[in-house]
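Please look over the chain below before reading on.

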Amino acid sequence: EVLPDDFSLDRAYPNPFNPTTTLNFTLPIEVELSITIYNLQGREVISLVDSNMPAGYHSVVWNADVHASGVYFVKMVAGEYIKTQKLMLVK
């Protein structure tokens, strides 16, 4: 298996979504990883990943069926790499 060269968090698909969206990400090395969803006020809604992850290509699905429609943010932190993107839940 060929390992990725860089950290990345791809665009969520689908986005806008109802009620699930998939987040694909790559890790070039084994690293402590955090992927967290926040609401528009900056409050943590759910932690999707908070663990040590091996290098490679990964994905995680967020099922937001218990959350209200609106704008959310996903934040990925892997070592020094930090990436945030906007998500739109439409019910």
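Strand β2, residues 20-27, and strand β5 run antiparallel and are joined by eight bridges. This is a predicted model, in which local features need pLDDT of at least 70 and side-chain atom pairs count only at pLDDT 80 or more, while totals for chains, interfaces and linings use all residues. Residues are numbered from 1 along each chain as its sequence is written, and side-chain values use heavy atoms, with hydrogens and water left out. Strands here are DSSP runs of E with at least two residues, and helices are runs of H or I with at least four, both numbered from the N terminus. Two strands count as paired if DSSP finds at least two bridges between them.

Two positions show how β2 and β5 line up. T22 has V61 in β5 as its bridge partner, and N24 has S59. On β1, two bridges make the link to β2, again with the strands antiparallel; here S8 stands opposite T26 of β2.

Put together, these three strands form an open sheet in the order β1-β2-β5, with antiparallel pairing. β1 (8-9) and β5 (56-63) each have a single partner strand and stand at the edges, so one side of each is left without a neighbour in the sheet. In a regular strand, side chains alternate between the two faces of the sheet.

Which kind of peptide bond leads from N15 to P16? The bond is cis, with omega near 10°. A cis peptide bond also joins N18 and P19, with omega about -10°. Most peptide bonds are trans.

N15 is partly exposed, with a relative accessible area of 33%; the class lies between buried, under 20%, and exposed, over 50%, using a 1.4 Å probe and protein chains only. Leaving aside neighbours within four places in sequence, N15 is in contact (heavy atoms within 4.5 Å) with K86, L87 and M88. A55, in turn, is 40 residues from N15 in sequence and 26 Å from N15 in space, C-alpha to C-alpha.

Now for the protein as a whole. Its secondary structure comes to zero helices and seven strands. The radius of gyration is 13 Å, close to the 12 Å that the globule rule gives for 91 residues, so the protein is as compact as a globular protein of that length. That radius is taken over C-alpha atoms, and the rule is 2.2 Å times the number of residues to the power 0.38. Along the principal axes, the C-alpha trace spans about 40 × 25 × 15 Å.

Of the 91 residues, 35% are buried. Among contacts between residues at least 6 apart in sequence, 57% join residues at least 24 apart. The protein exposes about 5,400 Å², of which carbon and sulfur atoms supply 51%; accessible areas come from the Shrake-Rupley method with a 1.4 Å probe, and for residues only the protein chains shown count as cover.

Finally, there are 6 positive and 10 negative side chains, and the centres of the two sets lie 17 Å apart. Lys and Arg count as positive, Asp and Glu as negative, with His and the chain ends not counted. Each charge is placed at NZ of Lys, CZ of Arg, CG of Asp or CD of Glu.
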